[in-house]
Amino acid sequence: MTEERRIYAAYDDEGVYVYQAFKPTIVKAALENKTFGRGFNLERMTWIKPSFAWMLYRSGYATKTRQEAILKIKLSHDGFLSILRESVETSYNPRVYESADDWRITLKKSAVRHQWDPERYLTLGKHPTRRAIQIGIRGWVVQKYVSEWIIGLEEVTALAHEIKEAKEQKKDFPSVPEERVYEVDDELVRRLGITGTIDEQ
């Protein structure tokens, strides 16, 4: 089967939603402050994920150590696109870089990196063809993320636990935000290593 690499996310006219998991004290402080503050380390790389199902997989439905609380973070479109324009893929893509050495140098210097991991269902099983983007940010990009680009925060830990319970008890899953294809320009298609839909291959 042909692999699909496109950004799927929940979004509206104001912005796009991404997810992060932390220990509960960091989430509590962020909700009080309307952005990250106490306990959030500005000096290290932090990863954001547009796929809620992938966040559930990564955090074990918000049960893993230091990932017991999940935030749904709304970013302005300008902020999200600014992050994407800085990103370098964690794997060498010869369509973007002239040589592996050029890619390694650029990756080392970049404040943003991304990778494509197997998309997940709410059951945490792998999607057979789709990949989900994970985006790591650091340095000046984290500073702008915290100070300018976050326009809303919502805790969705309870929803993660409800989904886990529904899976275990073989009940219907609660409704989750619809994730649609997030279209980007041709330059970002190239930079991010985006492929088309299965039907287009």
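A residue is buried when its relative accessible area is under 20%, exposed when over 50%, and partly exposed in between (1.4 Å probe, protein chains only). This is a predicted model, where local features need pLDDT of at least 70, side-chain atom pairs count only at pLDDT 80 or more, and totals for chains, interfaces and linings use all residues. Residues are numbered from 1 along each chain as its sequence is written, and side-chain values use heavy atoms, with hydrogens and water left out.

- Helices (H or I, at least four residues) and strands (E, at least two) are DSSP runs, numbered from the N terminus.
- Two strands pair if DSSP finds at least two bridges between them.
- Strand β6 (residues 87-89) runs parallel to β7, joined by 3 bridges.
- S87 has V112 of β7 as its bridge partner.
- Strand β8 (residues 126-137) runs antiparallel to β7, joined by 8 bridges.
- D117 stands opposite A132 in β8.
- β7 and β8 form a hairpin, with 5 residues between them.

- Most residues other than glycine have a negative phi.
- L124 is not a glycine, yet its phi is positive, near 85 degrees.
- L124 sits in the loop between β7 and β8.
- Why does L124 count as buried? Its relative accessibility is 17%, so L124 counts as buried.
- A62 also is not a glycine, and its phi is positive, about 60 degrees.
- A62 lies in the loop between α2 (52-59) and β5 (69-76).
- A62 counts as buried because its relative accessibility is 3%.

**The cavity**

- On a 1 Å grid over the protein atoms alone, a cavity is a set of points where a 1.4 Å probe fits but cannot get out; lining residues have an atom within 4 Å of a point.
- Grid points are joined across faces, edges and corners, and a volume is the space filled by probe spheres set on the points.
- A search of the whole structure finds 1 cavity of 30 Å³ or more.
- The largest cavity has a volume of about 50 Å³.
- R6, I7, Y8, P50, S51, E119, R131, A132 and I133 line the largest cavity.
- With 3 residues, β8 gives the most to this lining.
- The lining holds 5 nonpolar, 1 polar and 3 charged residues. Ala, Val, Leu, Ile, Met, Phe, Trp, Tyr, Cys and Pro count as nonpolar, Asp, Glu, Lys and Arg as charged, and the others, Gly among them, as polar.

Terms used:
On a 1 Å grid over the protein atoms alone, a cavity is a set of points where a 1.4 Å probe fits but cannot get out, and a pocket is an open set with protein on both sides within 12 Å along at least five of seven lines; lining residues have an atom within 4 Å of a point.
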